[in-house]
Amino acid sequence: MLVPQFIFGKGLFLIKNKGEKDELQANIRGIESMVTLYTKIKAKDKRAKNKTLEKYEGLVAKNTLEAYVRKQMRL
């Protein structure tokens with residue numbers, strides 16, 4: 001459920017920013033979209049846990065997601 005959410009978040013960014021070629025920002029929006037959905041899922045089901053999304057959630061909270069994605073993309 002969350003992988004398509006990444007694609008939807010990234011796609012929405014690209015649609016709203018026609019002609020934008022910034023892959024970094026598109027990927028960040030995709031991850032933020034997944035984190036938003038994950039947070040909502042956790043609110044409804046306390047048993048829902050995902051190690052990777054917990055990490056992303058922490059990065060968003062610390063405002064370090066961009067640096068992390070940049071490093072992963074080797075920019």
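Helix H1 passes helix H2 in a right-handed crossing (the near helix is turned clockwise from the far one by less than a right angle). Helices here are DSSP runs of H or I with at least four residues, numbered from the N terminus. The model is predicted, with local features requiring pLDDT of at least 70 and side-chain atom pairs counted only at pLDDT 80 or more, while totals for chains, interfaces and linings use all residues. Residues are numbered from 1 along each chain as its sequence is written, and side-chain values use heavy atoms, without hydrogens and water.

The chain has an average pLDDT (the predictor's confidence in each residue, from 0 to 100) of 94, and 100% of the residues score at least 70. Among the elements of the chain, the mean pLDDT is lowest in H1, at 92, and highest in helix H4 (residues 65-72), at 97.

H1 spans residues 2-16 and H2 residues 23-44; the two pack at an angle of about 135 degrees, and their axes are 7 Å apart. H1 is therefore oblique to H2 (angles under 35 degrees count as roughly parallel, over 145 as roughly antiparallel, 65 to 115 as roughly perpendicular and the rest as oblique). By class, the contact of H1 with H2 has 10 nonpolar, 6 polar and 3 charged residues. Contact means heavy atoms within 4.5 Å. Residues on the H1 side include Phe6 and Phe13, and those on the H2 side include Met34 and Tyr38.

Ser33 is located in H2. With a relative accessibility of 16%, Ser33 counts as buried (under 20% relative accessible area, with a 1.4 Å probe and protein chains only). Leaving aside residues up to four places away in sequence, Ser33 touches Gln5 and Gly9.

Definitions and conventions
Axes are lines fitted to C-alpha atoms, for helices over the stretch in contact, and angles run from 0 to 180 degrees between N-to-C directions. Ala, Val, Leu, Ile, Met, Phe, Trp, Tyr, Cys and Pro count as nonpolar, Asp, Glu, Lys and Arg as charged, and the others, Gly among them, as polar. Buried means under 20% relative accessible area, exposed over 50%, partly exposed in between (1.4 Å probe, protein chains only).
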